[in-house]
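Hi there,

Here is the structure I promised to pass on to you. Have it open while you read, and you can follow my notes below one by one.

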Amino acid sequence: MHTTKKQFKKILSYYSDISTLNNIQATLEWDLNVNLPRSGGQGRADQTAYITKLSAEKWQDPTFVELVAEASTLKDQTLEEKAIIRNLQHSLKYYTRIPQALIIEFSRETSLAFMAWNSAKQKNDFSEFSPHLKSIIKLCQTMGDHLTYEKDPYDALLDLYEPGLTTADCKQYFSEIKTPLTSLLKKIVNSKKYNALPEFVNGDIVFSQKKQQELSHFVLKKMGYDFDSGRLDISPHPFTIGLGRQDIRITTMYQSTDFRDSLMASIHEGGHALYEQGVNPEYANTPLDGGVSLGIHESQSRFWENQIGRSPEFIQFITPLLHAFYPELETADSERLSLLFNHVSPGFIRIEADEVTYNLHILIRFELEHALINGKLEVDDLPEAWNTKMKKYLGIIPPTNKQGVLQDVHWSYGSFGYFPTYTLGNLYAGQLHAAIEKETHYTQNLTTGELRTPLGWLRSNIHQHGSVYLPDELIKNATGSTLSTSHYLTYITDKYTRLYNLS
Ligand code: MG
């Protein structure tokens, strides 16, 4: 990246070591999720804690902290230089306000908690995970206190993932979408086209993993995902991770009796990866590399998954492919496949949730996290509180904790404040879709698999900017206005009204 100021040259040179440590950390994390043998947890926890310590020492080095302070006062900063200072100050808040011992303890505890969660989920035994969750919540509360907040301790945690996002913002967004979504859900469930048990995926047909994998590869290539700078693996929870500027990896999961999940997970993670692969290469190893926030990141994955992958137009394009890959589906035309991919039904599992119920799953997690961090809910009461909220918002109660409170990996990572960014992503995606459609009419051309138009638009309006603009600014520059729930609500209402012939 070009800069003429000696302070910024020093900052960039210093930061490239931090970036290398981040990449090493990511490599350990990728391996933990994809390859680690059952007994390898303790060793990995030690390794991760050590890299975390090295990284924290780098961030807390007084020479670096002073350098950033000095550079922040320089006149005539370019847009990029201002963004570098803003991003470093945001991270430094975490490293300079939270004691190093706490950061290390957090890293060690979350590594162990991940192994415990994995085992607890397999055995459907919440008590194996709960002691770890208790200590993680305590650590998060202590962190929140160190980070400081104005109104709500949960605000301090939200800000780590989405700079500036507050509990009040979340409450506002959820209050605007809650009623329209629950009433849309009711209309769908009562419609003539509604079919509680979708055909073809009721367990009678086994879809080979090899075929599923080939289809994921085909669609990812079509999207523009660069396999020379990434790879596709398997993990219990699909994710995207950057191990280096030209090493952006994704994972998916294969269900033997449902061909949809692996494809949609691959497209979703592919959307995340396209964002990372599309950042201006000059920003490599600088504080401007990578996506600007988790909400914007999720908008990219959701846009590819829902606005593209689940659009009736794109499904029309992949229908012949689906028939070729899975001859059992030959009797299903694109309209039936479209309903299958957009099948709405209140279910237990968030990552399998349809577009209409998805944000209600997030709402449940937001309310529970907020109560846990504020000390209004105890971990021992969490499974019951989970089930109560499932009943309230989705009308169903999971028969096991494995399908309930133990389903998500996030709390084992200590990622409190993360879930709301998923809903934010859906809202951003709705707004981006409206803007791209208005400008390019891209949807009609999805029937031919024409994906270069939306990718090109995203490359120039979102991806290339990396972390230069804050989320609000980025969305305003791209779409003409800051985030409003109206675009998302229009999109989802129109789409499902058409699909289910609602009035
Ligand atoms: Mg995602």
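Proline 399 is exposed, with a relative accessible area of 62%, in this predicted model. You will find proline 399 in the loop between helix H15 (382-394) and H16.

Next, go to histidine 410, which sits in helix H16 (residues 410-413). Is histidine 410 buried or exposed? Its relative accessibility is 5%, so histidine 410 counts as buried, the cut-off being under 20%. Which residues does histidine 410 touch, not counting those up to four places away in sequence? They are His237, Arg350, Ser415, Tyr418, Phe419 and Tyr422. With tyrosine 422 there is also a polar contact, in which the two side chains are joined at 2.6 Å.

Now for the metal site. Which protein residues are donors of the magnesium ion? They are His268 and His272, each through NE2, and Glu298 through OE, and these donors lie 2.2 to 2.3 Å from the ion. Written as a spacing along the sequence, the donor residues read H-x3-H-x25-E. Histidine 268 belongs to helix H10 (residues 259-277) and glutamate 298 to helix H11 (residues 294-309), so this pair ties together parts that are 30 residues apart in sequence. Histidine 268 and glutamate 298 are both buried.

Between H10 and H11 there is a loop, and asparagine 285 lies in it. Asparagine 285 is partly exposed, with a relative accessible area of 32%. Its backbone deserves a look too. Most residues other than glycine have a negative phi. Asparagine 285, however, has a positive phi near 60°. Aspartate 76 is another case: it is not a glycine, yet its phi is positive, at about 55°. Aspartate 76 is placed in the loop between H3 and helix H4 (79-97). With 71% relative accessibility, aspartate 76 counts as exposed.

On to how helices pack. Two packed helices are described by the angle between their axes and the distance between the axes. Take helix H2 (residues 41-60) and helix H3 (residues 62-72): their axes are 5 Å apart, and the packing angle is about 45°. That makes H2 oblique to H3. On the H2 side the contact is made by Lys58, Trp59 and Gln60, and on the H3 side by Pro62, Phe64 and Val65. Sorted by class, this contact of H2 with H3 has 4 nonpolar residues, 1 polar and 1 charged.

A second pair is helix H14 (residues 355-373) with helix H20 (residues 485-499). Their axes cross at roughly 140° and come within 10 Å. This makes H14 oblique to H20. H14 brings Glu355, Val356 and Asn359 to the contact, while H20 brings Tyr488, Tyr491, Ile492, Lys495 and Tyr496. What classes do the residues of the contact of H14 with H20 divide into? There are 5 nonpolar, 1 polar and 2 charged.

Stay with lysine 495 of helix H20 for a moment. Lysine 495 has a relative accessibility of 6% and so counts as buried. Leaving aside neighbours within four places in sequence, lysine 495 is in contact with Asn306, Arg310, Ser311, Asn342 and Glu355.

One last stop is glutamine 316, in helix H12 (residues 312-325). Glutamine 316 is partly exposed, with a relative accessible area of 43%. Its contacts, again leaving aside neighbours within four places in sequence, are Ser334 and Thr447. Between the C-alpha atoms of glutamine 316 and leucine 337 the separation is 8.4 Å, and the two residues are 21 apart along the chain.

Enjoy exploring, and write back with any questions.

Best wishes

Notes. Residues are numbered from 1 along each chain as its sequence is written. This is a predicted model: local features need pLDDT of at least 70, side-chain atom pairs count only at pLDDT 80 or more; totals for chains, interfaces and linings use all residues. Side-chain values use heavy atoms; hydrogens and water are left out. Donors are N, O and S atoms within 2.8 Å of the metal (3.2 Å for Na, K and Ca); water is not among the atoms, so sites may look incomplete. Helices (H or I, at least four residues) and strands (E, at least two) are DSSP runs, numbered from the N terminus. Buried means under 20% relative accessible area, exposed over 50%, partly exposed in between (1.4 Å probe, protein chains only). Axes are lines fitted to C-alpha atoms, for helices over the stretch in contact, and angles run from 0 to 180 degrees between N-to-C directions. Angles under 35 degrees count as roughly parallel, over 145 as roughly antiparallel, 65 to 115 as roughly perpendicular and the rest as oblique. Contact means heavy atoms within 4.5 Å. Ala, Val, Leu, Ile, Met, Phe, Trp, Tyr, Cys and Pro count as nonpolar, Asp, Glu, Lys and Arg as charged, and the others, Gly among them, as polar. A polar contact is a pair of N or O atoms within 3.5 Å; within protein, one must be able to donate a hydrogen and the other to accept it, and residues adjacent in sequence count only if both atoms are side-chain atoms.
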